[in-house]
Amino acid sequence: MIGLEDCRALDARDPLAAFKARFAPGEPGTIYLDGNSIGPMPADVPRRIERLVTLGWRDARRRGWQRFDWLEKPWRLGEGIAHIVGAGSKDVIFCDSTTVNLFKLLAYAWRLRPERPVIVTEAHNFPTDLYVAEGLVRFVGGNAALRRIEEPDALGAALGPEVGILCLSHVDYRSSRRWNMAEVNRVAEAAGVFTLWDLSHSAGAIPADLSGTQADFAVGCGYKYLCGGPGAPAWLYVHPRHQDRAWPVIAGWMGHADVFAFAEAYEPVEGVRRQLTGSPGILANEAMAAAVDIWREVRREDLAWKHRSLSETLVALLEEQCGSLGVEIASPRDYEERGGHVAFRHPGAGAVTEALLAQGVVGSFRKPDSIRFGLAPLALSHEDLWHAVARLRRVLESGIWREERYRTVSV
Ligand SMILES: Cc1ncc(COP(=O)(O)O)c(C=O)c1O
């Protein structure tokens, strides 16, 4: 049995323990296990935003472009998290939303291979990933097709000579099942297929290895584990071998070789930056920068240790404390096959999530019967997990979750 003292002992060995103080604590008494929706706020965000709006917007206005690093932020932010996703420092930029970046890279990759027009994805991928692929197929009017695989085992057989791109979420947003990225990239490369990964449910939780595993393209959210806040820019990665092969699909002025030359003819800048579109979201980038300045100091190996330790501790606590009360782990048992969050089933999952909220434990419910606890490694301790599971146990033992007031489930 894992006790409170065991959790404290793990916290004493935690190489990332000091980072907790760099985040605002949130509402008193609350244990926040929803880093897979919106990550915690770096404590210096209010000060940085205030500085930006006073010195930048109020005082400098247009001259802010010269006085501050507004223009460079998209790639400076990318440099700051590149080691966390295993990319070269010049291969990642922050811009737009994940959805827009998916479209940009899917269409870019698709156009590189007109003779292989089929896109393969998972039938149960995150909705926006499916919609974007379906939308692209409609947009190019019959020149492309989408093939959806039902089960991971069907992947190899789906990658025929007509397939150009494989578009997958690294981690499933419901179950937290994680693809073996190295293995998938190897199989795809052998089949002559490009890979486009959505790392929204792993980046900032589990270190990825985009370059080392030869991933072609990737995208991910800034507001989840990366802690960039609501409205944060998303990020995208293009392997250097593809960066200069074609015009970007949205040839915007921020991807021009000389932005302020106002040239009438478009000329893409070299490298991943050509995927930039219009003006950066300067306020949102500042909040993102507060988080990225923390990420710059985080070592990959420490992140890997911490997340594994949190995830394994949580699974063990859930089983020991709540297994006899109807809780069943829905995520893969093997840590290597699990992503940023742990999902578990309970027949009253929606009402239990609400009752837990009232006890100060923030998780998220997914239909029909699953609860997700997202593990943001920089801001959580093992002791937090112990208290969260103890509260869950009380909610289940007492049966308060059956009360009328917990029937309406919030998003
Ligand atoms: C896997 C995945 N991809 C994409 C998105 C959506 O990203 P955005 O809102 O930045 O377009 C989400 C949002 O939860 C997600 O979970």
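**The ligand and its surroundings**

Modeller: Start with the whole chain. In the protein chain, residues 24 or more positions apart account for 73% of the contacts with a separation of 6 or more. Keep in mind that this is a predicted model.

The protein chain has 13 helices and 13 strands. Its C-alpha trace spans about 70 × 60 × 40 Å along the principal axes. What radius of gyration would a compact globule with 411 residues have? The value would be near 22 Å, and the protein chain has 22 Å, so the two agree.

Now the surface. Of the 411 residues of the protein chain, 56% count as buried. The protein chain exposes about 17,500 Å². Carbon and sulfur atoms supply 54% of that area.

Next, the part you asked about. Which residues surround the ligand? Ser97, Thr98, Thr99, Phe126, Thr128 and Asp129 are among them.

Look at the side chains in detail. Thr98 has a side-chain N or O atom 2.9 Å from an oxygen atom of the ligand. For Tyr223, the distance from a side-chain N or O atom to a ligand oxygen is 3.0 Å. Lys224 also takes part: a side-chain N or O atom there is 2.7 Å from an oxygen atom of the ligand.

How much of the ligand does the protein bury? Taken alone, the ligand exposes 400 Å². The protein buries 84% of that. Which elements give two or more residues to the shell? They are α5, residues 98-112, and α6, residues 127-139.

For another view, go to Pro347. This residue is found in a loop. The loop runs between β10, residues 341-345, and α12, residues 349-358. Is Pro347 buried or exposed? Pro347 has a relative accessible area of 74%, so Pro347 is exposed, as the cut-off for that word is over 50%. Pro347 and Val327 are 20 residues apart in sequence. In space, they are 8.4 Å apart, C-alpha to C-alpha.

Notes
Residues numbered from 1 in each chain as written. Predicted model: local features only at pLDDT ≥ 70, side-chain atom pairs only at ≥ 80, totals over all residues. Heavy atoms only, no water. Near = heavy atom within 4 Å. Polar contact = N/O pair within 3.5 Å; in protein donor to acceptor, adjacent residues only side chain to side chain. Areas by Shrake-Rupley, 256 points an atom, 1.4 Å probe, with all protein chains shown as cover. Helix = DSSP H or I, 4+ residues; strand = E, 2+ residues; numbered from the N terminus. Rg over C-alpha atoms; globule rule 2.2 N^0.38 Å. Buried < 20%, exposed > 50% of the residue type's maximum accessible area, 1.4 Å probe, protein only. Contact = heavy atoms within 4.5 Å.
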